[in-house]
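Look at the structure below.

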Amino acid sequence: MVAPHKKVGMLPPYAAGKPPVAVPGLQPYKLSSNENPFAPVPGVIERVREVVTGPEGAPSTLCRYPDTLSTGLRQALAAHLDVPADDVVTGAGSLGALAQVITTFAGHGEASEGDEVIFAWRSFEAYPIVVRTAGAVDVQVPLTADHRHDLPAMLDAITERTRVILLCTPNNPTGPVLTTAEVEDFLARVPEHILVVIDEAYVEFVRDEDAVKGLDMYRKHANVVVLRTFSKAHGLANLRVGYSVSQPEITKALRTVATPFAVSTVAEEAAIASLEHLDEVLERVQVVVDERERVAAALAEAGWDLPASQANFVWLPLGERTQEFAEAAQAQALSVRAFAGEGVRVSIGEVEANDRFLEVARDFLK
């Protein structure tokens, strides 16, 4: 019998957000995956249609491989972000971009099984999967009591085997951001040979003026990589397009290990079109932000003590009552993301979905 590598048995399964259970008389809503409740803007839909069907009088190009370098998208991002196009590497979502980073800089072969990657916990649940798949060792540093990265403890966790440190801001699933001041201090103390990844999957939803700006850190520090995605704010989760931004000596290595053709032409053109209609995208983002603030204020008024989220979700630190709340939401045709024994993450969705979630949350405290 063919057996998988021993490391497969060490991987925690990725638990994607579950769909809601149907309840008679109620419209079901999925609030478990941090998806944008809005579809892509009309200009994006039209561009996708053109790519799929082909320009009028011309055949579709779906039978052809995409540009493996995503040249058009990198050029569009270069103009949008004011960075050199060569500093951008695309991937299948920010998770695909992260996998490129970890595969390139940690965990190569038996000789380096001791390579370590440090990250806060709880944070994005794919982190340990990506790290262990690469053959590296994940070093999980508990969050502070207020659900934030414990940067001093992360510094203390650095050893001679540390290769990469992951910073998730806003942190998924708890929501708080890292500030410019604390990240500047952190980077000043991290040895320059260690790569620091700033994961900004939710950056468009941030309104805190003190929040760190990953691109500023990349410009100042040669060992910083910034991750971003079109899955959240742009509503392109199904098309899987993200990217990293880093200095040329890093991007050269990333392109060497990048999966060829990971970003399809459909995804690339959709992302370009979304950048071309960025004002419309950001208008929708603001609607989500306004809803987040409304929901957070209503929860606080009801008696909930929540961390300050700057993402498109809120975190309920429920501890042992986590599953109980998830079941209460399910009874109202809402799916939420429960982390057993820790808490529940609830995505900001449609107004009706948010209102029903608030009803569940109020009743739960009673």
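In this predicted model, His234 is in contact with Asn36, Pro40, Glu204, Thr229, Ser274, Leu275, Leu278 and Val281, leaving aside its neighbours within four places in sequence. One of these partners, Ser274, also makes a polar contact with His234. The two side chains are joined at 2.7 Å.

Where does His234 lie? It sits in the loop between strand E7 (224-229) and strand E8 (242-245). Is His234 buried or exposed? His234 has a relative accessible area of 7%. Buried means under 20%, so His234 counts as buried.

Now for the empty space. Rolling a probe the size of a water molecule over the atoms shows where such space is left. A search of the whole structure finds one cavity of 30 Å³ or more. The largest cavity holds about 40 Å³ of space. His234 is part of its lining, together with Asn36, Phe38, Ala39, Pro40, Val41, Ala233, Gly235, Val281 and Arg284. The lining residues divide as follows.

| Class of lining residue | Number in the largest cavity |
|---|---|
| Nonpolar | six residues |
| Polar | three residues |

Which domains supply the lining? Domain 1 (9-40 + 278-365) and domain 2 (43-276) each give at least three residues to the lining of the largest cavity.

The protein chain is divided into these two domains. Their C-alpha centres lie 24 Å apart. The domains also touch: 31 residues of domain 1 are in contact with 35 residues of domain 2.

Methods: Residues numbered from 1 in each chain as written. Predicted model: local features only at pLDDT ≥ 70, side-chain atom pairs only at ≥ 80, totals over all residues. Heavy atoms only, no water. Helix = DSSP H or I, 4+ residues; strand = E, 2+ residues; numbered from the N terminus. Buried < 20%, exposed > 50% of the residue type's maximum accessible area, 1.4 Å probe, protein only. Polar contact = N/O pair within 3.5 Å; in protein donor to acceptor, adjacent residues only side chain to side chain. Contact = heavy atoms within 4.5 Å. 1 Å grid on protein atoms, 1.4 Å probe; cavity = no way out; pocket = protein on both sides within 12 Å on 5 of 7 lines; lining within 4 Å. Points joined across faces, edges and corners; volume = space filled by probe spheres on them. Nonpolar A, V, L, I, M, F, W, Y, C, P; charged D, E, K, R; others polar. Domains from an automatic or database assignment.
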